[in-house]
Amino acid sequence: VVGIAHPAFCAVGGAEVLLSRYATYLRSQGHRIRLVTTAIDAADWGDLTELADVRVLDNSWIDHVGMPGSHPTLGRRIARQAEALAGVDVVIGGNFPGNIVAACVDDGRRSLWTCMEPSRRLYPSATLPTLTAHLHATARESDCTLLRSMRDVIERDVGIGRSSIITAQRKLDQSLVPQLACITAISEYSAASLRRIYQRTVDAVVYPTVDVASSPTRMPGLSGDGLRVLIHGRLDLLKNVETVLRGFATFSAAQRGAHELHVVGAGSDLPRLNNVATELGIASATHFHGFVSRAKLLAIYERCDVLAALPIDEPFGMIFPEAALQGLLLVGPDHGGPMEILDGGNNGFSVDAFSSLALADALTCISRMSFSEVERRRSRAALSCEQRFSPASTLPAFERQVMAVARVFA
């Protein structure tokens, strides 16, 4: 029996998708699955509820009972969740506090934390090293909104003692993570974050699983009348979509053509980004699609030539291999998990994520590529992503880590 502890399955995020894929694969290999969480949306996760023994532990009023300043809530919740996982052979911890729930089951002796990244809420500076370093540099016009908004977050981390709840949860996390029997990371970048915070080396890097079944046969070359650029993902400040908008505006003003920018996704930054597009004079060329169905997303992929995304301190970046397997050329940041996916620039363009001019230069370079160069780059990126991130490469690798933990106590 394999247990999984994860905060909630409500939104459709990268962590939830990955854990669902792990659960589905492990079940197909004959393992029984027990999932403990605080909430699950059956509309999005109905398949998961069918294949797993799902135990939803709602928050209890008694979790809050305690002396002022003692903050017992999290400790009591993870104890109840750990109790619900008693008797499993291996317990997989997801995002915080799933990692420390796993550490509480049998004192962590049967635990595996699949670390997407350590908690940004508890460790903002350590999990956002590129942003933190850039905050000390001179702000450029293209990134001032991001830096201004995130400065308070980083300054709060420096004075974290002012937040007693954060301090208490951080202390609990630090005390329990050493009990974990095994830790895997989704990228070398996440592994480095984990070393900075916990002074612990991961047992293995197991890349996330990317669906390769729907890879299309697309028309060769680029769109004839103009470059069609895609941004895909959650629209919040750290996804840094404004820099892409500014870079696209610079590119389209300098290069003739009916260029298009397609923005797929929803999030808190959407209203502001609409205003930025209007201010830059690219509103007519920019299409905000919101959250779309899989069928519509594939149609947008088919229309576009390039994925351009510059997330800051992204631990992996599932959108990059997904786009490569759909035949799009890639432009990504020069750090984080996307840099590993891009193989240092061999599978696409790695640019300064804080420079809209660097993005514009990459788009200009792509627009001037020969037919053969476009096809060569597409094929190389798709093949590289399939070899490293396909189910055949990643799922058995993860199961081997699970079984290694199980065999210790067999």
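Which residues does Phe398 touch, not counting residues up to four places away in sequence?

View 1. The structure shown here is a predicted model, in which local features need pLDDT of at least 70, side-chain atom pairs count only at pLDDT 80 or more, and totals for chains, interfaces and linings use all residues. Residues are numbered from 1 along each chain as its sequence is written, and side-chain values use heavy atoms, with hydrogens and water left out. With residues up to four places away in sequence set aside, Phe398 touches Tyr22, Leu26, Ile92, Leu112, Thr114, Thr184 and Val206, where contact means heavy atoms within 4.5 Å.

**View 2. The nonpolar cores.** A nonpolar core is a set of buried Ala, Val, Leu, Ile, Met, Phe, Trp, Tyr and Cys residues joined through side-chain atoms within 4.5 Å; buried means under 20% relative accessible area, exposed over 50%, and partly exposed in between, for a 1.4 Å probe and protein chains only. The largest nonpolar core has 55 residues, of which Ile33, Ile92, Leu230, Leu307 and Phe398 touch the most other members. Helix α1 (residues 14-28) gives the most to this core, with seven residues. Apart from this core lies another, of 42 residues, among them Leu131, Val244, Leu273 and Ala360.

**View 3. Helix α9 and the residue that follows.** Helices (H or I, at least four residues) and strands (E, at least two) are DSSP runs, numbered from the N terminus. Helix α9 spans residues 188-198 and is mostly covered, as eight of its eleven residues are buried. Those buried residues are Tyr189, Ser190, Ala191, Ala192, Ser193, Leu194, Ile197 and Tyr198. Just after α9, Gln199 takes a positive phi of about 55 degrees.

**View 4. Thr286 in strand β10.** Thr286 lies in strand β10, which covers residues 286-290, and counts as buried because its relative accessibility is 8%. A polar atom of the Thr286 side chain lies 2.7 Å from the backbone oxygen of Ile282. Leaving aside its neighbours within four places in sequence, Thr286 is in contact with Leu245, Leu261, Val263 and Ala277.

**View 5. Cysteines without a disulfide.** The structure holds zero disulfides, a disulfide being a pair of cysteine sulfur atoms within 2.5 Å. For Cys304, which is in no disulfide, the nearest cysteine sulfur is that of Cys385, 17 Å away; Cys304 is buried, with a relative accessible area of 0%. Cys365 is also in no disulfide, and the nearest cysteine sulfur, that of Cys304, is 19 Å away. Cys365 is partly exposed, with a relative accessible area of 37%.

Notes. Polar contact = N/O pair within 3.5 Å; in protein donor to acceptor, adjacent residues only side chain to side chain.
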